[in-house]
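Here is a short note for someone opening this structure for the first time. Please read it with the model on screen.

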Amino acid sequence: SASDLAFAEEIGRRAAIAIDNAKLYEKAQREVQARQDLLALVSHDLRNPLSAILLSADIFVELPTSDDAGRKKRIQAIQRSAHRMDRIIGDLLDIASIETGHLTVEMGRHAFAPLVREAIETQRPAAALKALRLEDVVTNEGFDLECDRGRVLQVFGNVIGNAIKFT
């Protein structure tokens, strides 16, 4: 009958939609797994040389030296950059956590002025390459932030880096 035909067509339509959805879901799962595999490979490959850099810099800073204070300051800048790179690699691995709504934020109380100064120090070499001079003018030395220090440094670094890039 006409009602049986309409019922059969509706079942067929719904079955086709279910099959399409299953195929799309399977494809999405494969893509998510491929991305996670790539992130794991990249982070592994980057962490090995980064670990060597960090270890060398840590040892170098602790060595007694009669050299100028500028040498130690430069080495500490290398350490900060390497630690920041390590944090960025960790952030790449956090993508899965972000997607599931479980992003970890390491909150703490941090003085504002040292955060700004550290971000500026990290960007000084890039500014020097463009013959720019960076200055920090912090008017309130006692101002503290309740924040994730690494993420705030990343934001400051991006803002300062963009300012240098587009100046």
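1. Start with Phe143. Its relative accessibility is 39%, so Phe143 counts as partly exposed. The cut-offs are these: buried is under 20% relative accessible area, exposed is over 50%, and partly exposed lies in between (1.4 Å probe, protein chains only). Phe112 is also partly exposed, because its relative accessibility is 24%.

2. A word on the source. This is a predicted model: local features need pLDDT of at least 70, side-chain atom pairs count only at pLDDT 80 or more, and totals for chains, interfaces and linings use all residues. Residues are numbered from 1 along each chain as its sequence is written, and side-chain values use heavy atoms, with hydrogens and water left out.

3. Now the rings. The structure holds 2 aromatic pairs. Phe112 and Phe143 make an edge-to-face pair, 5.5 Å centre to centre with 70° between the planes. This pair links distant parts of the chain: Phe112 sits in helix 4 (residues 112-129), Phe143 in the loop between helix 4 and strand 2, 31 residues apart. Phe112 and Phe156 are edge-to-face too, at 6.1 Å centre to centre and 90°. Phe112 lies in helix 4 and Phe156 in helix 5, so this pair ties together parts 44 residues apart in sequence. Phe112, Phe143 and Phe156 form one aromatic cluster. For the terms: rings of Phe, Tyr and Trp (its six-membered ring) pair if their centres lie within 6.5 Å; planes under 30 degrees apart are stacked, over 60 edge-to-face, the rest tilted.

4. Look next at helix 5 (residues 149-165). Its 17 residues should span 24 Å at 1.5 Å a residue, and its end C-alpha atoms are 24 Å apart, which agrees. The expected span is 1.5 Å times one less than the number of residues. Helices (H or I, at least four residues) and strands (E, at least two) are DSSP runs, numbered from the N terminus.

5. Which residues of helix 5 are buried? They are Gly150, Val152, Leu153, Gly157, Ile160 and Ile164. They cover an arc of only 155° around the axis, which puts them on the same side of helix 5. That arc is taken from the directions from the helix axis to the C-beta atoms. On the other side, Val159 and Lys165 are exposed.

6. Check Asp148. It lies in strand 2 (residues 144-148). Asp148 counts as buried because its relative accessibility is 5%. At the start of helix 5, a side-chain oxygen of Asp148 comes to within 3.2 Å of the backbone nitrogen of Gly150. The Asp148 side chain also reaches the backbone nitrogen of Glu106, at 2.9 Å. Leaving out residues up to four places away in sequence, Asp148 touches Arg87, Val105, Glu106 and Met107. Contact here means heavy atoms within 4.5 Å.

7. Then the core. The largest nonpolar core has 14 residues, and Leu115, Leu134 and Ile160 touch the most other members. Helix 4, strand 2 and helix 5 each give two or more residues to this core. Helix 4 gives the most, with 6 residues. A nonpolar core is a set of buried Ala, Val, Leu, Ile, Met, Phe, Trp, Tyr and Cys residues joined through side-chain atoms within 4.5 Å.

8. Last, Ile53. It lies in helix 1 (residues 2-62). Ile53 and Ile78 are 25 residues apart in sequence and 8.7 Å apart in space, C-alpha to C-alpha.

How values were computed:
A polar contact is a pair of N or O atoms within 3.5 Å; within protein, one must be able to donate a hydrogen and the other to accept it, and residues adjacent in sequence count only if both atoms are side-chain atoms.
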